[in-house]
Amino acid sequence: MCQSPETALLCDLGTNGELALWSGGRLYVASTAAGLSPGAVEAVYLAGGFGRCLNVSAARKTGLLPESLTGQVQVLGNAALAGAARILLNQEDRAGLDSIARLSTHVSLGGDPRFNERYVENMLFPEGESGAGL
């Protein structure tokens with residue numbers, strides 16, 4: 001993700017959501033209660049157990065994933081385990097971690113009133129949608 005020119009979002013959704021947004025040569029990372037409203041993102045990577053089992057089509061129908069992301073969602077599965085194995089077995093990948101860390105900026109969402117307001121506004125499923133097919 002950090003080697004691509006496109007804006008991309010990595011989501012590890014579970015009880016909490018860990019997010020990493022790659023944009024303009026910077027990596028922004030945050031953790032919050034699960035939920036997603038990515039805006040002008042060109043690619044979304046879903047990681048973790050929730051992402052692995054998620055029916056992407058149903059997630060769009062219920063509003064968990066915006067319709068604008070059709071065709072841009074890639075399910076990664078257990079990316080933490082795969083990444084840990086990769087850096088243990090590949091010296092080049094291990095060396096690249098330092099450069100990714102230097103590109104990273106932590107974004108604290110918990111105390112941001114604008115984030116909290118938007119999060120609460122977007123907690124409900126869209127009206128008129130049924131949960132059929134989940």
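1. Of the 134 residues in the chain, 25% count as buried, where buried means under 20% relative accessible area, exposed means over 50% and partly exposed lies in between, with a 1.4 Å probe and protein chains only. The model is predicted, so that local features need pLDDT of at least 70 and side-chain atom pairs count only at pLDDT 80 or more, while totals for chains, interfaces and linings use all residues. Residues are numbered from 1 along each chain as its sequence is written, and side-chain values use heavy atoms, with hydrogens and water left out.

2. The chain exposes about 8600 Å², of which carbon and sulfur atoms supply 55%; accessible areas come from the Shrake-Rupley method with a 1.4 Å probe, and for residues only the protein chains shown count as cover.

3. The secondary structure comes to 5 helices and 6 strands, in the order β-β-β-β-α-α-β-α-α-β-α from the N terminus on. Helices (H or I, at least four residues) and strands (E, at least two) are DSSP runs, numbered from the N terminus.

4. The largest nonpolar core has 12 residues, including L9, C11, V44, L46, A59, L65, L69 and V73. Such a core is a set of buried Ala, Val, Leu, Ile, Met, Phe, Trp, Tyr and Cys residues joined through side-chain atoms within 4.5 Å. At least two residues of this core come from each of β1 (8-13), β4 (43-47) and α2 (56-62).

5. R60, found in helix α2, counts as buried because its relative accessibility is 14%. Leaving aside neighbours within four places in sequence, R60 is in contact (heavy atoms within 4.5 Å) with L65, P66, E67, L69, T70, G71 and V73. Among these partners, L65, L69 and V73 also belong to the largest nonpolar core.

6. The axes of helix α3 (residues 79-89) and helix α4 (residues 91-103) come within 5 Å and cross at roughly 110 degrees, which means that α3 is roughly perpendicular to α4, a label given to angles of 65 to 115 degrees. Axes are lines fitted to C-alpha atoms, for helices over the stretch in contact, and angles run from 0 to 180 degrees between N-to-C directions. R86, I87, L88 and L89 of α3 meet Q91, D93, R94 and L97 of α4.

7. H106 lies in strand β6 (residues 104-106) and is exposed, with a relative accessible area of 58%. Leaving aside neighbours within four places in sequence, H106 is in contact with V29 and A30. H106 and S31 are 75 residues apart in sequence and 9.1 Å apart in space, C-alpha to C-alpha.

Methods:
Parallel < 35°, antiparallel > 145°, perpendicular 65-115°, else oblique.
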